[in-house]
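Me: Could you take me through this one? I'll ask as I go along.

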Amino acid sequence: MEAGAVTATGGGRSILERPPLSRLPDRLLRWGLTALAAGVLALIAYFFLRLYNDAHPAFARFGVLDFVFRNNWDVSQEVFHALPLVVGTLITSVIALAIGVPVAVATALYVTELCPPRFRGPLTLMVELLAAVPSVVYGLWGFFFLVPKLRPAEQWFSDNLGFLPFVGGPVAGPSYFIAGLILAIMILPIVSAISREVMATVPAEHREAALALGATRWEMIRMAVLPYSRAGIAGAAMLGLGRAIGETIAVTIVIGNAPTIGHQIFDQGYTLAAVIANEFGEAASVPIHRAALIAAALVLFVLTLVVNLAARYFVRRGERIG
Amino acid sequence: MTMLVPLSARRRRTDRIARATLAAATGLALVPLALILYYLLKKGLGAWSVSFFTEDPSGRFFGSAGGIRSAILGTVEMVALATAVAVPVGIGIALYLVEYGGGSRFAQVVRYFVDVMTGVPSIVFGLFVYITLVLAGTGGGSFAGWKGSIALALLMLPIVTRSAEVVLNLVPNSLREAALALGAPRWRVMARVVLPTALPGLMTGTLLAVARAAGETAPLLFTATVVQGMTLNLNAPMNSLPAQIFKDVGQAQDRLVQRAWGAALTLVLMILVLTTIARLVQRRSRLA
Amino acid sequence: MRRTRTITALAAAGALALGAAACGSSDKGGGGSSTTGPKGGTISGAGATFPQPVYEEWASRFKDQFGTTVNYNPIGSGGGIAQFTAGTVDFGATDSAMKPEELAAATKGKPVHVPTVFGAITVSYNVSGLDKGLKLDGKTIADLFLGKIKKWDDPAIKALNPGTKLPGSNVTIVHRSDESGTTKLFTSFLEESNPEWKSKVGSDKTVKWPTGTGAKGNDGVAGAVKQTDGAVGYVEEAYALQNNFATADVKNKAGQFVAPTLQSTSAAGEGLQIPPDLRFSAINASANPKAYPIASATFLLVYQDMCKAGVSKDKAQRVVNWLNYAEGDGQKVAPELQYAPLPAQLHQLAQAKVDGLVCNGAPLKGA
């Protein structure tokens with residue numbers, strides 16, 4: 001990439017050397033762009049420090065570990081332990097991944113490998129349409145369609161499959177499950193799109209080689225496509241997870257806003273993001289409440305950092321294997 | 001890869017089952033889309049009328065609920081400002097990463113933190129802007145449209161940067177080298193070769209970011225907040241479609257819920273138009 | 001449905017009458033000062049959803065009269081006090097008076113409580129097979145919200161409603177998720193009537209709910225109740241009427257079961273002890289046998305000296321106009337939305353608070 005060093009060395013103007021004046025814009029551009037990149041780092045640093053600084057009173061009062069791992073979010077007593085929110089965030093995200101990623105990857109495989117070429121465009125478009133639907137519209141739809149329509153099915157599931165862990169008992173309308181389901185739909189297009197892109201980069205020779213060896217389409221997928229794109233798929237899933245963890249509005253509408261840990265997936269709950277959306281207008285004058293919400297934001301931020309690290313790890317490992 | 005045995009019945013069956021499963025999963029993925037579009041059209045079209053687009057929300061408890069004019073205008077204003085901030089900066093950073101940074105330590109750190117930013121939930125950006133700009137009363141007021149734009153721009157920046165970096169990386173090095181070999185300075189190579197080649201992709205990334213920002217509620221709730229009146233003053237509290245919908249969702253009044261559906265249909269159509277334009281641009285420049 | 005139509009008709013009739021009144025008063029205004037500064041423009045407020053229907057109706061008529069847009073953001077009383085204290089809005093709104101520690105936190109000036117109207121908090125339910133007028137007392141309502149009563153045909157409910165056929169469906173509790181003056185008033189009623197509630201939950205703008213789904217705002221609770229069969233929640237009466245909810249008759253201090261109506265709400269405002277700063281609560285306070293027990297006034301919050309709190313003089317004047325409207329024409333509009341106007345004595349005290357507002361020490365009078 002040291003293409004800028006093409007200039008000839010030594011005295012005298014070589015044919016290859018550019019006139020000095022034309023190098024000035026190059027320098028300016030280089031420094032400008034570097035400054036921009038540095039600026040973004042500075043911004044993120046300020047962002048993090050500001051959040052940490054403003055969250056500090058909450059950590060100081062409750063302790064970092066107690067803040068995250070104790071179960072008591074009680075605004076009226078000004079006691080803030082965020083475990084119910086952390087648990088809610090994790091449960092909804094896990095449900096979202098469990099439902100969303102397999103469907104997304106299957107869709108990507110079907111579109112890139114199986115479906116007739118003339119359907120490829122329309123199918124891709126339709127899956128991408130899901131990404132065009134804003135969070136708040138998912139919430140609207142979830143609240144007025146999913147919650148009432150799925151309630152009987154959920155109650156049946158709860159009554160008949162009570163032997164499963166985290167199932168059984170009366171079904172609340174808004175719940176972890178509904179929130180997870182909506183998140184699954186919301187992460188589907190992004191996971192599917194990235195998986196598809198990755199699959200499209202599988203060299204044609206790999207596919208052709210597998211087919212030439214007499215593999216069926218599915219075997220070709222298993223032998224050539226999946227191993228090659230595993231890293232990308234893991235990355236896509238991680239991106240989906242990041243989105244699910246931080247998704248706010250749709251979840252706020254259908255989670256039930258109860259800062260307790262539900263006993264089963266059809267119970268109401270709360271997530272970190274939803275609690276911030278609901279409470280940060282009220283916290284402006286109560287310093288400890290505000291600090292607690294910023295601390296919740298910080299926990300969210302750290303969760304996404306961890307997810308990012310994990311994504312990088314998976315991608316690296318995938319690269320080594322692939 | 002080892003030589004495979006001739007096609008057995010079992011392998012054929014596995015293949016068929018696997019294919020059917022993948023097709024079924026694809027069908028399943030489209031079910032929510034169909035349902036959402038059906039409900040949007042069914043409930044949303046019912047709310048539409050001329051006055052729906054020419055009146056501001058009235059806020060009246062009885063009588064007409066009014067329309068969504070201020071919400072549409074607010075969304076357009078705030079997203080336009082956010083785009084004007086985020087796109088040049090985002091593409092600039094991507095250019096740095098691809099053209100200068102390469103694999104350097106600094107570039108890796110930048111890349112990593114842009115990644116981190118992608119993962120930051122939009123509500124956290126909203127909170128950040130709230131505590132830094134709104135509570136501090138920057139610009140002489142508390143809630144303001146431009147503060148909403150800043151929150152949206154923070155959200156868009158990493159999306160633009162990431163997608164731009166991917167696209168710029170796809171520009172073949174041979175093109176750059178050819179131009180440099182012809183004696184073109186670096187900036188001209190970028191302006192005349194790299195950016196035009198990458199333009200469709202940059203456009204797509206930008207429009208995706210715009211579409212994402214247009215639909216975001218969380219960063220706006222406590223930066224631009226929800227108001228009824230229309231305003232061109234970006235330093236005043238400003239309405240927006242998503243925030244208006246969020247306010248109307250969960251309202252027990254049918255006419256407000258209906259307004260939410262009408263606004264939702266409007267918002268989704270706006271986003272679809274953006275996406276369609278993106279595709280057309282992409283197609284055209286591919287031909288050129 | 002019938003009921004909704006009745007209020008709509010009432011509203012229409014009221015609007016006509018008020019239109020005439022508005023004409024009269026604007027004529028008077030035209031004859032007086034011609035200062036244009038305080039007219040037009042916008043003021044912004046945030047807070048309680050309990051009076052939101054009446055405030056929004058006022059705002060829309062106030063705009064017709066003065067040209068001033070009132071942007072009222074219904075984010076709950078907790079949010080109202082918070083935004084007021086932080087100075088991000090020109091006025092706040094709350095149903096429960098500010099607590100001493102909240103007053104202490106308000107460093108921008110001296111908060112003034114201006115009571116506006118009385119409203120009733122209904123116990124609204126959506127249970128198929130159960131009509132309005134279910135009789136409940138404070139203890140039973142508290143047991144419902146404690147999660148101890150799980151079915152609608154529970155013996156405790158049966159005992160209060162002999163002869164009523166009760167369905168056996170599950171009880172789903174809906175409560176507020178935001179910090180709410182409505183919650184504060186409602187829970188203080190429960191606390192008074194049920195010792196277990198007092199010891200386990202207590203009363204505040206938000207409490208640690210033992211069970212149930214949280215929803216934002218009175219409208220959110222109404223929406224959730226409407227969505228769910230078997231649900232019960234607490235909402236201001238205008239919301240219950242608008243959604244045609246079945247509401248419970250609640251046992252008051254005198255031992256009578258009283259339905260939430262305009263009359264029973266008005267009755268709840270009579271014979272109250274009012275402290276000089278007007279920070280009173282009417283919950284279960286009236287001994288009147290016709291009084292609905294969970295009724296209360298709601299307040300607008302402003303700083304005694306708004307200009308010192310950073311508001312421009314014109315804006316302060318607009319806020320004063322708005323308060324004068326609330327205590328003036330607004331009182332006549334309130335009953336159309338089933339809010340009771342202030343009793344005469346309290347009304348005088350409230351008007352005196354508005355008249356006492358100043359800008360940098362100079363009095364601000366209505367335009």
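Reply: In helix 8 of chain B a kink of about 60° lies at Leu199(B), shortly before the proline Pro200(B); the bend is the angle between axes fitted to the seven residues ending there and the seven starting there, and helices are DSSP runs of H or I with at least four residues, numbered from the N terminus. This is a predicted model, in which local features need pLDDT of at least 70, side-chain atom pairs count only at pLDDT 80 or more, and totals for chains, interfaces and linings use all residues. Residues are numbered from 1 along each chain as its sequence is written, while chains are lettered from A and ligands numbered from 1 in the order in which they are written.

Me: How far apart are the end C-alpha atoms of helix 8 of chain B?

Reply: They are only 35 Å apart for the 29 residues of helix 8 (residues 186–214), short of the 42 Å that a straight helix would reach at 1.5 Å a residue, the expected span being 1.5 Å times one less than the number of residues.

Me: Switching topic, how many residues does the contact take from chain A and from chain B?

Reply: It takes 75 residues from chain A and 75 residues from chain B, where contact needs C-beta atoms, placed from the backbone, within 7 Å. Helix 1 (residues 20–62) of chain A gives the most to the chain A side, with 17 residues.

Me: What are the ipTM and pTM?

Reply: The model scores ipTM 0.88 and pTM 0.85.

Technical notes. Two residues are in contact if their C-beta atoms, placed from the backbone, lie within 7 Å. Helices (H or I, at least four residues) and strands (E, at least two) are DSSP runs, numbered from the N terminus.
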